[in-house]
Amino acid sequence: MRLALGVEYDGGRFAGWEDQPGQRTVQGSLEASVSRVADHPVRIICAGRTDAGVHAWGQVVHFDTSAPRDERAWLLGGNANLPEDVSVAWVRPVPDDFDARRSARRRHYRYLIYNHALRPALLRERVCWECRPLDAERMQAGASFLLGEHDFSAFRAAACQARSPVRRVEWLDVARRGRLVAVDVVANAFLHHMVRNIAGVLMAIGLGKEPPDWARAVLEGRDRRLGGVTAPPQGLYLVGVEYPERFGVPPVPPPAWL
């Protein structure tokens with residue numbers, strides 16, 4: 001039997017999603033918890049691997065099991081064995097051909113910037129702080145050059161292992177909500193550090209360091225060295241993952257605070 005889970009987590013105290021020897025990871029914590037409920041070792045596959053410090057509201061994972069448990073047992077048992085910074089939001093049986101990563105149609109990330117002269121305290125590990133004024137309209141103008149299918153080599157990390165740098169960005173929106181500036185990106189898939197590098201380019205534009213069409217120049221240059229700084233991880237959230245309807249994966253809208 002194959003099951004899918006919806007998972008949320010605060011990435012601040014994790015060394016990222018992927019299991020690493022001697023490191024505290026989301027995958028390691030989740031596999032240990034689910035394996036206790038299943039009473040056998042479980043290997044979990046996720047929709048999108050996140051880096052250290054990156055958060056998730058709508059991560060989707062799947063695993064296979066022969067254990068006869070109902071959905072309530074997986075949900076309550078899984079959460080009972082998880083640390084406080086990870087939570088299972090829902091459980092669904094899915095067809096055997098469902099794959100949390102390969103079956104995904106698109107993924108939605110949000111990058112949050114706290115734009116105020118004074119640093120935040122309560123939000124310090126959940127936003128990127130920028131003390132200088134950001135022009136969200138200039139950032140949106142720059143974002144428009146990144147829409148569509150492109151070679152995003154200039155926005156990938158040097159250690160990125162993706163076979164192809166081509167990705168299709170379907171939606172890229174910059175909006176100010178009081179002191180917060182939110183950068184929303186929806187694409188069929190993402191390269192390593194792609195969203196954080198997009199955020200770094202747009203922030204440089206928003207600060208007036210570069211014109212909006214610099215985003216196009218960076219994209220067309222296909223050279224990571226031209227793209228400025230990588231924005232810090234704590235502002236990044238995996239908001240949601242979309243699948244074909246036949247799999248029955250429930251959409252989970254982000255909360256008002258996010």
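This is a predicted model: local features need pLDDT of at least 70, side-chain atom pairs count only at pLDDT 80 or more; totals for chains, interfaces and linings use all residues.
Local features need pLDDT of at least 70, side-chain atom pairs count only at pLDDT 80 or more, and totals for chains, interfaces and linings use all residues. Residues are numbered from 1 along each chain as its sequence is written, and side-chain values use heavy atoms, with hydrogens and water left out.

**View 1. Helix α1 crosses helix α2.** Helix α1 spans residues 26-38 and helix α2 residues 71-80; helices are DSSP runs of H or I, at least four residues, numbered from the N terminus. Their axes come within 9 Å and cross at roughly 130 degrees. That makes α1 oblique to α2 (angles under 35 degrees count as roughly parallel, over 145 as roughly antiparallel, 65 to 115 as roughly perpendicular, the rest as oblique). On the α1 side, S33, V34, V37 and A38 make the contact (heavy atoms within 4.5 Å). On the α2 side, A73, W74, G77 and G78 take part.

**View 2. S35 sits in helix α1.** S35 is buried, at 18% relative accessible area (buried means under 20%, exposed over 50%, partly exposed in between; 1.4 Å probe, protein chains only). Leaving aside neighbours within four places in sequence, S35 is in contact with H40, P41 and V42.

**View 3. C131 lies in the loop between β6 and α3.** C131 is partly exposed, with 39% relative accessibility. Not counting residues up to four places away in sequence, C131 touches N115, H116 and A117. R119 is 12 residues from C131 in sequence and 7.2 Å away in space, C-alpha to C-alpha.

Key
Axes are lines fitted to C-alpha atoms, for helices over the stretch in contact, and angles run from 0 to 180 degrees between N-to-C directions. Helices (H or I, at least four residues) and strands (E, at least two) are DSSP runs, numbered from the N terminus.
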